[in-house]
Amino acid sequence: MASGSAFSASEAKRERGGGGGPSALGLWWASFRSRAFRQKPVPVETVHAQGSRPQLTRSLSALDLTLMGIGGSIGAGIFVLTGVAAKEAGPGVVLSFALAACACVLNALCYAELSSRFAVSGSAYLYTAMAFGELPAVMVGVNLLFDYHVGAAAIARSMSVYFVKMLNGWGVALPEELGDYPVNAGVHVSALAPLFLAFFTLILSRGVEESKYTNMVLTSLKIMIVLLVVFGGASKVDSANWKPLAPKGISSIFTATSTVFFSYIGFDVVANAAEEARNPRYDLPIAVVVSLLCCAVLYCATTLVLTGLVSYQDISSSAPLSDALGHAGLKWGEQVIDIGATIGLGTTLLTGMYAQSRLYLSIARDGLIPEALGRVSGDRHVPVIAQIWCGLVAAALATPFDVEALSKLLSIGIMAAYSVVCWSTLSYRTQHDRKLIGWLGLFSLFVFGMSIAVRVMAPVYVSVPLAALAIFSAVPVF
């Protein structure tokens, strides 16, 4: 009995942290630790069954979701980024886009698996919350929201510039300052950008039916314009321009692959539409994979024609396709490409703002941001307040500021989202063998460190700190 009493006393003393009661810091840390890594329950049923509040409606078919994925991936970049990558890799840029598509297919399959398994809005934020806890999920969610806000502002400004250029090509004289008026080094005012944001916010707030039909029309027009450029330019192709395939060496193909990797980003939009898919287990995987493959075909076909029209050395960095078509005697190319770029940016803006509001909806449901942002309209069945908030924030950034510097950081958020979705997939697959995910983490971080060492031509010891960090991931703490 005495030994039992002594044991109880020593236990109590350790719990109190000495002789006194628990400190405020200790209580805070215990509360923080329990909440930070508290995993969100896996939804057995979607939130449609929760209470009597208005919810999103399942009205998106596999075709609607596929067009959303294409609309979110292909913007003005297909007319500009293709030229930038072609100057780097030469005719081998076709392989660069194909390799990037192969890498993204693996990530797209992770998105397809999780979005069909958990058919609720939230995408990477939701998967992280269920796999690793609230704190990592908040970090991923904030990262994604930052990307969507800055991305919407940057796209709206670019769309304004292309819109003015398109109208001027039609003979409608508009001052270029409407799209971008530089006041000083830090302030560039755009009068059209907030108008475009208000227009798409209005469409998205009216309901998902209006949004999907608008995206269907604009994305179909964009695809037809790309095909017009491809088939129109194919008749003027000189196969001699495709030789040699890699004039700067094989390494240039892989360098260009890293440049074009972020051309395939539409499947996050599709994943955020999971709660509005008619048959998520069937439609979402199809939409994710088919949209990526369609984008890969369009990108590869465009670069194939571009490098066949002119030598890679003569490709323009600012307007590659329009200059190449003009060089081949196709004078209609510039106006068609301006139309395609404007429409392409419009679909990217529309789908991006759609996905952003659904991300706000998911985070608000967890009580991490004001509840009003998670409120769904009873008659329109969309998160109207969140949608308006997305438009206001993007307009506040796009109107007075040139967000080009911030937009360069977007690849960080995209890579973070891609990575965490893969880790979440591994987490669910290795629930009965946590050591496996640790060793996979060790291997992936070591490869990442080695790639940095090779990329910057640094000694191998650059990867040593990352390898040391990876050792900790081998501990089954997830």
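**Salt bridges**

Mentor: Glu 276 and Arg 358 are both buried, a word that stands for under 20% relative accessible area, while exposed stands for over 50% and partly exposed for what lies in between (1.4 Å probe, protein chains only). The model is a predicted one, in which local features need pLDDT of at least 70 and side-chain atom pairs count only at pLDDT 80 or more, whereas totals for chains, interfaces and linings use all residues. Residues are numbered from 1 along each chain as its sequence is written, and side-chain values use heavy atoms, with hydrogens and water left out.

Side chains of opposite charge can pair when their charged atoms come close. A salt bridge is counted where a side-chain nitrogen of Lys or Arg is within 4 Å of a carboxyl oxygen of Asp or Glu. The structure holds five of these.

Because Glu 276 lies in the loop between α11 and α12 and Arg 358 in helix α14, the pair ties together parts that are 82 residues apart in sequence. Helices here are DSSP runs of H or I with at least four residues, and strands are runs of E with at least two, numbered from the N terminus.

Arg 365 and Glu 275 form another salt bridge, at 2.8 Å between the closest N and O atoms. Arg 365 belongs to helix α14 and Glu 275 to the loop between α11 (267-272) and α12 (280-309), so this pair joins parts 90 residues apart in sequence. Arg 365 is partly exposed because its relative accessible area is 28%, whereas Glu 275, at 0%, counts as buried.

Asp 338 meets Lys 165 in a salt bridge of 3.8 Å, N to O. This pair links distant parts of the chain, with Asp 338 in helix α14 and Lys 165 in helix α7 (residues 134-169), 173 residues apart. Asp 338 is buried at 5%, while Lys 165 is partly exposed at 36%.

Finally, Asp 64, Glu 209 and Lys 212 are linked in a network of salt bridges. Asp 64 is placed in helix α3 (residues 62-73) and counts as buried because its relative accessibility is 6%. Leaving aside neighbours within four places in sequence, Asp 64 is in contact with Ser 59, Lys 212 and Met 216, where contact means heavy atoms within 4.5 Å.
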